[in-house]
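Let's walk through this structure together, one part at a time. Please keep the sequence and the 3D view at hand as you read.

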Amino acid sequence: MQGRISNIQRFSLDDGPGIRTTVFFSGCHLRCAWCHNPECIPAGPVLYFRAEKCTYCGKCQQVCPAGVHVVSDEEHLIQRQYCQACQACGACTAACPTGALQLRGRQIEEEELFSELKKDRAFYDHSGGGVTFSGGEPLLQKDFLTRMLQKCRQEKIATAVDTAGCVPYETLKDVLPWTDLFLYDIKALSSELHLRATGQNNQLILENLPKLLSDGAKVRVRMPVIQEYNATQQEICALGKYLAALPPVELELLPYHGYGEGKYRALGQQMELLHAPSEAFMTWAKETLRHQGIAVIDNESVKKDPKRKGEL
Amino acid sequence: MPADRASMSPAIQAIFDHRYDHFDREEIPKRDESFYEAFQEHPEEKKILQFAWGFHRALEKKKIWIGEEDLLAGFSYRYTYEATMPIRMGADFDPKYRPSSSGLYHQEADDAIQALRLDPAGKEGKMLHCFADGVTNWVYKHWESGHILPGYERLLYRGFGGLQAEGQAALATAAGDEVDTIRALLICNEAATKYIKRYEELAKTRMAEAKPEHRAALSRMAAALHQIASGPARTFFEAVQLLWLTHEMLFVESYPASFSFGRIDQYLYPYYAADVAAGRMTKQEAGDIVDALWIKFGTTLHTYQNITLGGYDEEKGKTACNDVTLLALESSRKFAFEQPQVCFRYHSDLPEEVWKACLDLLETGTGFPAFFGDKICAENKMRLGIPREDARNFGLIGCVEMGIPGKEYGKTEVLRINWASPLERMLQCATPQGPSFPLQEEKDISSITSFDRWLDWYRQELLFTSRIAVDSINLLDQALVDCYPTPFLSVLMEGCYAKGKDVTAGGTIYNQTGISACGMANVVDSLMAIKTLVFDRKEYTLEEMAAACAADFDGQEELLQKIRQQCPHFGNDEDEVDELMAQLIAWYADFVDQLENPRGGKYQLGLYSVEDHAYMGQHTGALPDGKRAGEALANGLSPVQGRDHKGPTAVIDSVVKTDLRPAANGMVLDLKFSPSFLEKPTHRHAIKAMLDTYFALGGVELQMNIVDRDTLLDAQAHPERHEDLVVRVSGFSALFVTLMKTTQDEIIARTEYGDL
């Protein structure tokens, strides 16, 4: 069986416990304004251009059947206005000698993927880590995902599925027996805000989580916190209220980061200018949620001991 | 990172602030003058006695100093000479002349030819000069440095008086040459006692003049000096004091670049525990004593003063870490000095507070501690026939070399082989100038039709290159054996009194020779590039590859990019290239296993490079792995800088495919992390799991640079702003601004792992 993935990242430390290998699946039906994996949104291959590696050799221009590349001595334009014309045929990426042009979102055989996932098994064992299937939305490739989860289970590799939960419950239920941990994203409680921020309604997401919990899944809820969208008292309180009514579940708040910026550039897209909430807001949010009995995971930077002010 | 003055006690702050006050460059040449005078006064004596009198005189005349605020007595210089073996002694003795540190390699060859009565035009005579050419051109690195773990621990328990009694007993039954050797050792032994007594007198004088608040410390100092002049140490303070003064005296005798301390937390702990239990000392007071010692380390400017901490106690079935381990880690964090170099014997189930102290030290960015697999390092020494009991007590010497304290003279830095050089010379066969250093066989490279043949030829030439060096080193070892005896060091080494032999002549128990390799990753990456582009894909011929290297890839951007992007590189957990590395090292280790030296010892393989990967890289042209002329080679067994792109677990997986058990002379794997990386608790936990995994998989050493690229670039541009920036090079740490540019560039080019 084949699946479509964008990337495999080893030594991944922020997608579940321990040292992990994260597989980024291609394809997502949400359009979150703050997405830091925009190359995972398309369900098919996408042309990815890292300008800093380009030597302007022009080989891509010679082989492109659609005239997407225009290369001069010191400039490489990718005619994004014609990007409908780019079929992601891969001719340019094969010709590119520097790796500046790549296709993201390749088909991969289950065996090939699994052999990559097994490589860091000793690190998983020593750290309590494992494999995380992320994306994109991995549940959009449910059959392939299930296959990979089953293989991991067979080899006793712990798994996590990082999902937005915006799928019919049956889909979640099908992978549940093979999944050790769900990283379950909730982006907003207000349906209006959710629609504006992600292009999708949150009803399914909010309905699925209680079912998943009552079916015995181990879940870690994650909420990205973005100044311009959901960093409001209203949202945090609503989240607390929502979670407090459910069986106990751990929660991780993820302040916004702009690491995806280079990816947007590589895709020829603009990234919306967004910000992380203030530290004070994050502290307040955590305290508030804890007051409501929510187990908020603490993974903030270790604060330097103030008495250790260096001087020579 | 600047020192954390705020966490020093007021007493330590005072010492810290005045630490450079009495540094006096004019004192430095006086050591050589003393030796010179002694040689003139004893013209008829044997060399070892001349040296003993030289040492005696130098200690008598050496400036000593105790500041009013000092807790510990001691005052040391970095002397200007570097190696241990000036050859031509006697009437024409030139104290400034030192071979193999000042580029006088041909002189050294001539001296050896004379000493061994070889025919200069004969096979061995020619070989010695060929070797000297190779050293001059960085085919080899040859450094006649002792690099040793003196028997500090034994000294603490016996005192100089106890050692002297041992010498006198040996003298009673000695015969022939042994008599003079033992006499020489006894002269040094006594000189040490006298030297400590000089300090005792000075301490008393200081005490009489001192302000009331300083008198207690000076009184303790004077009493301790009185005791340790010939008696054993009885308290923690006496032990530290004896340790330091002995260290200081060793540097007066010779400068082998590294006098390392071994397991300082282990041999000091019994004193610590007894003092604390008896209420003689608080933990805070012990901390100040350790701090005072650290300031001495950091102020002398001696290089490679390596200390070993941690380890696992097999007998007790638990960690050997103790309060002194923690105090040492904390002192290193506080000062963030380049010295002492901190090595940590890592084992799983480390106590949480010890791991936290290690992380806090790592965060200074000094590259300390470097981590060593507690079990495998001992096993590597056992492979050489060293009994378990001794092997389990290993300490680290210099950079990363495992040695047995007080029992091993390992010459760990005497020879390093540039692995890239034979490959470069094979390609040079296709150029009009031909190879820059002899090959066993020059070939028309167009006649080579398969990768296996190319690889066989490379092995043949690497062996040929290595044999020239090993045979030369063994001749030099015989020729120079009594040229620069070190009788005082011999006093401290087990076996020398008993055998009546100087340590340089094989007087101690274990007498190895180090042979280290450099540029391994460049070689396997280059071989893979040749295999891929020339033999598999047939896109280039060997001549084209040779021409591209000769032209330093000028106008060959496409080839360069294909090499970098499309050929396998060591460090990405790709089996073919990693297994090539494993095979080459296993095959080379078999060769090293067969080698013996004339001192009754074996050769031991090292896979670390000090700073030589930069020097050797500077003198190595472009290589098929995409290295440009003048760029550094890979650091130790680390991947080529910037060629690994799958993160640290992939690097580790690559490295541990090689059987590292033969690496009894040490190895280096360097990983670089951005400073923000260590801030998250999950990341701190992951680093520990990473170390657990690495050592469980057979790793020997792992070191981490916690520094970001911008800081390093800024330090290159504005050295004056970063005078205290310490970074890990290869197996040692150094002030970044003092490193040569090639080395700085090499560190900047290493792949940095950050928040992904």
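Predicted model: local features only at pLDDT ≥ 70, side-chain atom pairs only at ≥ 80, totals over all residues.

The partner to look at beside β1(B) is strand β10 (residues 416-418) of chain B; the two pair in the antiparallel sense over two bridges.

The model scores ipTM 0.91 and pTM 0.92. For chain A the mean pLDDT is 92, with 95% of its residues at 70 or more. Chain B has a mean pLDDT of 91, and there too 95% of the residues reach 70 or more. Its residues 81-101 have a pLDDT below 50, and this stretch has 75 contacts in the model beyond near neighbours in sequence. In chain A, pLDDT stays under 50 over residues 304-312, for which the model has 17 contacts beyond four places in sequence.

Chain B also contains an open sheet of seven strands, again with mixed pairing, and its order is β2-β3-β6-β7-β14-β13-β17. Here β2 (262-263) and β17 (752-753) of chain B stand at the edges; each has a single partner strand, so one side of each lacks a neighbour in the sheet. Within this sheet, strand β13 (residues 670-673) and strand β14 (residues 701-706) of chain B run parallel and are joined by four bridges. Phe673(B) is a handy landmark, standing opposite Ile706(B) in β14(B).

Now let's see where the two chains meet. Which chain gives 32 residues to the contact, and which gives 42? Chain A supplies the 32 and chain B the 42. The area buried between chain A and chain B is about 3,200 Å², and carbon and sulfur atoms give 57% of it. Four salt bridges are counted between chain A and chain B. Asp14(A) and Lys680(B) form a salt bridge across the two chains, with their closest N and O atoms 3.5 Å apart. Across the interface of chain A and chain B there are also eight residue pairs in polar contact, with both residues at pLDDT 80 or more. On the side of chain A that touches chain B, β1 (2-12) and α4 (121-127) of chain A each supply at least two residues. Of the elements there, α4(A) gives the most, with four residues. Sorted by class, this side of chain A has 10 nonpolar, nine polar and 13 charged residues.

Over all chains, the count comes to 75. One pair inside chain A is Asp185(A) and Arg222(A), whose side chains meet at 4.0 Å, N to O. Asp185(A) lies in strand β10 (residues 181-185) of chain A and Arg222(A) in strand β11 (residues 219-225) of chain A, so this pair ties together parts that are 37 residues apart in sequence.

Finally, some backbone details are worth a stop. A cis peptide bond joins Gly135(A) and Gly136(A), with omega about 15°. You will find Gly136(A) in the loop between β8 (130-134) and α5 (142-154) of chain A. In chain B, a cis peptide bond links Phe368(B) to Pro369(B), and its omega is about -10°. Pro369(B) sits in the loop between α13 (352-362) and β7 (370-373) of chain B. Back in chain A, Ala88(A) has a positive phi of about 50°, although it is not a glycine. Its place is the loop between β5 (75-78) and α2 (91-95) of chain A.

Key:
Residues numbered from 1 in each chain as written. Chains lettered and ligands numbered in written order. Heavy atoms only, no water. Contact = heavy atoms within 4.5 Å. Buried area = accessible area lost by both parts, 1.4 Å probe. Polar contact = N/O pair within 3.5 Å; in protein donor to acceptor, adjacent residues only side chain to side chain. Nonpolar A, V, L, I, M, F, W, Y, C, P; charged D, E, K, R; others polar. pLDDT = per-residue confidence, 0-100. Pairing = 2+ DSSP bridges.
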